[in-house]
Amino acid sequence: MVTHPGKGLHGQAVEELGRRIIRGDYPPGSVVDPVRFETELGVSKTVVREAMRVLASKGLLESKQKRGTTIRPRSDWNLLDSDLLRWQGSSAPTDGFLEDLAEVRAIVEPAGARLAAARRTPSDLAAMRQALEAMAAAGTDADAMVEADLAFHRALLDAAHNELLSRMEVVIEAGLRVRDRIVHGARHFSDSIPVHQELLEAVEAGDPDAAVAAVASLLAQASDDLAAVRAGEDHDDAATDTLPKETP
């Protein structure tokens with residue numbers, strides 16, 4: 001069975017089956033066979049049944065008498081579920097998924113920054129400052145940079161002191177994690193610390209307009225970095241396609 005560190009058999013089954021469904025291994029409307037899953041994953045009937053129950057709660061599966069368990073249409077999926085967002089971004093995210101995440105960030109984060117500039121507390125500023133320091137200390141450690149970046153944006157949303165807005169963290173985190181994994185993994189990115197510093201200073205100064213402007217600059221930089229990496233990937237693919245083929 002594919003293993004996922006830190007999870008029991010039940011959690012591993014949920015992860016594996018969830019990723020397969022999100023990846024499109026089982027198209028909507030298709031019937032799934034629990035017995036096949038038991039064999040493929042090497043787990044008990046109980047583990048598979050509980051995993052399928054969890055996936056049903058996320059809108060991925062439905063069970064009906066005489067028809068069995070089927071994959072539900074994508075329109076029924078709980079796309080804001082943190083697991084679904086993570087599964088979509090952990091494999092090979094589509095351009096559409098990346099664009100959707102970028103659009104949501106462009107809607108949510110400027111509003112969060114505006115409220116944060118008006119409502120931030122000393123502890124909010126301390127959390128943002130600590131995350132920024134962690135970004136600077138990360139150096140070329142891509143994983144450390146990603147986690148520090150996530151911590152900064154989480155602190156920014158929390159500083160808005162709006163419980164519903166804070167819950168959008170799952171979407172922001174998915175967008176950041178996917179973007180950062182692609183960009184920092186490729187070692188091709190701009191220095192984002194100055195614009196994060198600019199955002200922190202605007203929030204600390206209680207300047208909503210400056211905070212929104214800083215977020216706009218940050219999002220533009222993130223978009224440019226991602227576009228540059230993906231353009232490089234396309235160039236590499238094209239170069240590979242034009243390499244002379246070896247004569248058999």
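**Charged pairs and nonpolar cores**

Glu-40 and Arg-36 both belong to helix α2 (residues 34–41), where four residues, about one turn of the helix, separate them; helices are DSSP runs of H or I with at least four residues, numbered from the N terminus. This is a predicted model, in which local features need pLDDT of at least 70 and side-chain atom pairs count only at pLDDT 80 or more, while totals for chains, interfaces and linings use all residues. Residues are numbered from 1 along each chain as its sequence is written, and side-chain values use heavy atoms, with hydrogens and water left out.

The side chains of Glu-40 and Arg-36 form a salt bridge (2.7 Å, N to O), that is, a side-chain nitrogen of Lys or Arg within 4 Å of a carboxyl oxygen of Asp or Glu. By this rule there are 19 salt bridges. Asp-209 pairs in this way with Arg-114, their closest N and O atoms lying 3.3 Å apart. That pair links distant parts of the chain, with Asp-209 in helix α11 and Arg-114 in helix α5, 95 residues apart.

The largest nonpolar core has 25 residues; such a core is a set of buried Ala, Val, Leu, Ile, Met, Phe, Trp, Tyr and Cys residues joined through side-chain atoms within 4.5 Å. Buried means under 20% relative accessible area, exposed over 50%, and partly exposed in between (1.4 Å probe, protein chains only). Helix α6 gives the most to this core, with six residues. A second, separate core of 22 residues includes Ile-21 and Tyr-26.

Key:
Helices (H or I, at least four residues) and strands (E, at least two) are DSSP runs, numbered from the N terminus.
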